[in-house]
Amino acid sequence: MKLILTARPLETQAKVAWIIFVQDKKPLLSGSTGLAKQIGSQIKKTGFSGDYAQTLVFQTGTGDIVLAGLGDRKHFRMEYLERAASAAVRAGKKAGVKTFAVSTAAGIGKVSDAAFVHAVARGAAWGTYSFDTFKTGTKKRGAELSLTFAGPCENPAACRKALTEAELESRALLATADLANLPGNEATPQKISSWAQKMSKENKLAFSVLSKADLKKKSCNAILAVAAGSTQDARIITLKYKGTNPKAKPVVIIGKTITFDSGGISLKPGKGMEWMRYDKSGGMAVLAAMQMVALLKPATPVIGMLAVAENMPGGRATRPGDIVKSHAGKTIEILNTDAEGRLVLADALSLALQHKPAAIVDLATLTGAVVTALGHTAAAVVGNNHKLNATLVKTADAAGERLWELPLWPENMDDMKGTFADLQNISKSGTAGTINGAAFLANFVPEDIPWAHLDIAGTAWEESSKPWMDPGVTLFGARTLIEWIVKI
Ligand code: BES
Ligand code: ZN
Ligand code: ZN
């Protein structure tokens with residue numbers, strides 16, 4: 001989608017569809033567009049609820065109008081604005097609109113014009129996306145669409161910067177979505193590795209990969225145990241961005257990248273198993289964030305790592321009860337082969353320490369329990385440093401995502417201690433699944449390195465059509481990561 005900024009007011013934008021946001025059932029109109037009455041009567045006539053991401057497209061004498069609901073002012077979140085913008089573009093596109101315009105002035109409570117431009121532009125670009133790689137005969141249409149931000153901005157330089165950032169971030173998100181939406185037979189560990197290599201080359205990131213033989217040499221037996229039952233070899237991929245301040249310590253972001261999670265010998269039930277194509281979502285968010293980093297060039301050095309494997313129940317598969325020694329030297333009793341995410345992350349986390357990180361953030365579709373705790377509304381953040389957790393929660397709010405902190409207590413650490421080995425990969429109590437997953441991981445990070453684990457199992461994909469997107473990956477986490485990294 002082409003994104004344009006002009007100081008000329010919205011009224012001068014003829015033959016385009018105007019996107020007008022609606023809050024508390026009232027259109028947010030800047031200037032005297034004289035439209036308020038018309039819109040008001042349309043809202044009355046159609047019973048348009050104005051709920052967030054609800055849309056209404058109608059024609060006027062001067063052009064089309066796309067109303068996009070934001071819900072009520074009391075519950076406003078940036079997430080709603082970004083999704084409402086996606087929904088507006090999707091609804092307009094369905095009605096045949098190609099050129100959109102929106103007023104640059106936010107007019108929403110404390111939201112600056114620049115923050116508004118950023119969220120709306122990124123949301124609009126996401127609204128053009130559809131995963132149609134396997135729909136024969138369909139062509140990507142997003143490039144034909146445009147959105148103009150019209151009218152003065154309270155800080156023009158900030159608005160220009162926000163628009164550029166949104167454009168670059170969207171480029172990374174849409175490119176990665178095409179990989180992240182691929183099913184297990186397509187997005188193999190091999191394919192993900194070559195995709196990451198090509199992306200690194202195009203964006204001047206350093207790329208390296210540990211093969212199965214390398215992982216053996218380094219005694220990364222936890223990740224190797226996960227891939228043992230698959231014909232696909234495991235890999236740990238590393239992407240490096242130097243930073244404009246190369247003396248600074250890097251932050252390391254790590255993604256669980258299980259290309260398909262059958263559960264292994266602890267086989268998952270058949271119903272819904274196809275969703276486990278998205279068990280690579282942590283790694284996909286890291287890839288998107290690394291591309292954003294390469295395009296936005298922040299000061300902080302950033303290292304992205306993907307722990308890639310396929311979890312299958314083949315003849316060489318790991319059995320429940322097997323004991324392996326991790327890269328860190330700690331032994332692990334694998335009591336359930338379906339708790340594989342923490343195994344691949346254990347080795348990646350201890351490998352990450354060689355970079356002397358200022359902080360580590362990992363993202364993983366780790367537990368079904370996080371869906372029980374938080375639904376599909378927020379991801380959990382659990383870690384060894386409350387300050388980092390709190391920063392990430394706040395950053396997510398601004399970045400159009402939602403995180404909620406869960407505790408990590410000594411009792412949870414005890415729950416993961418093994419009977420015949422140092423650790424076991426499922427808890428003894430069978431309770432607090434999301435916290436216990438994090439408690440297992442905490443054993444692989446020294447206490448003096450701030451570390452946060454994001455359990456994105458409930459937020460990484462949509463299973464049904466939403467006003468702001470088709471079913472598929474959300475790339476949840478990438479937006480928070482980039483917002484966090486540029487502000488360090
Ligand atoms: N990939 C799954 C977690 C998952 C479940 C993600 C549902 C998205 C939706 C993970 O590898 C897993 O199977 N976790 C187990 C852990 C348990 C065996 C301790 C789970 O959550 O049931
Ligand atoms: Zn699993
Ligand atoms: Zn999994």
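## Largest pocket

The lining of the largest pocket comprises 12 nonpolar, 14 polar and 10 charged residues. The model is a predicted one, and the volume computed for this pocket is about 790 Å³. Its lining consists of 36 residues, and those nearest the centre are Lys268, Leu366, Thr367, Gly368 and Ala369.

Several secondary-structure elements contribute at least two residues each to the lining of the largest pocket. These are the strands β10 (251-261) and β19 (461-462), together with the helices α9 (341-352), α10 (369-374) and α13 (433-442).

## Second largest pocket

The second largest pocket holds about 490 Å³ of space. It is lined by 25 residues, with Ala115, His118, Glu165, Glu483 and Lys487 lying nearest its centre. Two or more lining residues come from each of α2 (78-94), α3 (113-127), α4 (156-180), α11 (386-399) and α14 (478-486).

By class, the lining of the second largest pocket divides into 12 nonpolar, three polar and 10 charged residues.

## Zinc site

Four residues coordinate the zinc ion (ligand 3): Lys256 through NZ, Asp261 and Asp279 through OD, and Glu340 through OE, at 2.0 to 2.4 Å. The site of the zinc ion (ligand 3) has six donor atoms, with angles of 78 to 171° among them, and is octahedral.

Along the sequence, the donor residues of the zinc ion (ligand 3) follow the spacing K-x4-D-x17-D-x60-E. Lysine 256 belongs to strand β10, whereas glutamate 340 sits in the loop between β13 and α9, so this pair ties together parts that are 84 residues apart in sequence.

## Three-stranded sheet

Strands β12, β13 and β17 form an open sheet in the order β12-β13-β17, with mixed pairing. Because β12 (322-325) and β17 (423-424) stand at the edges with a single partner strand each, one side of each is left without a neighbour in the sheet.

Strand β13 (residues 331-334) runs parallel to β17 and is joined to β17 by two bridges. Glutamate 333 has glutamine 424 in β17 as its bridge partner.

Technical notes. Residues are numbered from 1 along each chain as its sequence is written. Chains are lettered from A and ligands numbered from 1 in the order in which they are written. This is a predicted model: local features need pLDDT of at least 70, side-chain atom pairs count only at pLDDT 80 or more; totals for chains, interfaces and linings use all residues. Side-chain values use heavy atoms; hydrogens and water are left out. Two strands pair if DSSP finds at least two bridges between them. Helices (H or I, at least four residues) and strands (E, at least two) are DSSP runs, numbered from the N terminus. On a 1 Å grid over the protein atoms alone, a cavity is a set of points where a 1.4 Å probe fits but cannot get out, and a pocket is an open set with protein on both sides within 12 Å along at least five of seven lines; lining residues have an atom within 4 Å of a point. Grid points are joined across faces, edges and corners, and a volume is the space filled by probe spheres set on the points. Ala, Val, Leu, Ile, Met, Phe, Trp, Tyr, Cys and Pro count as nonpolar, Asp, Glu, Lys and Arg as charged, and the others, Gly among them, as polar. Donors are N, O and S atoms within 2.8 Å of the metal (3.2 Å for Na, K and Ca); water is not among the atoms, so sites may look incomplete. Four donors count as tetrahedral if all angles lie between 85 and 135 degrees; four count as square planar and six as octahedral if opposite donors are over 155 degrees apart and all others between 65 and 115; anything else is irregular.
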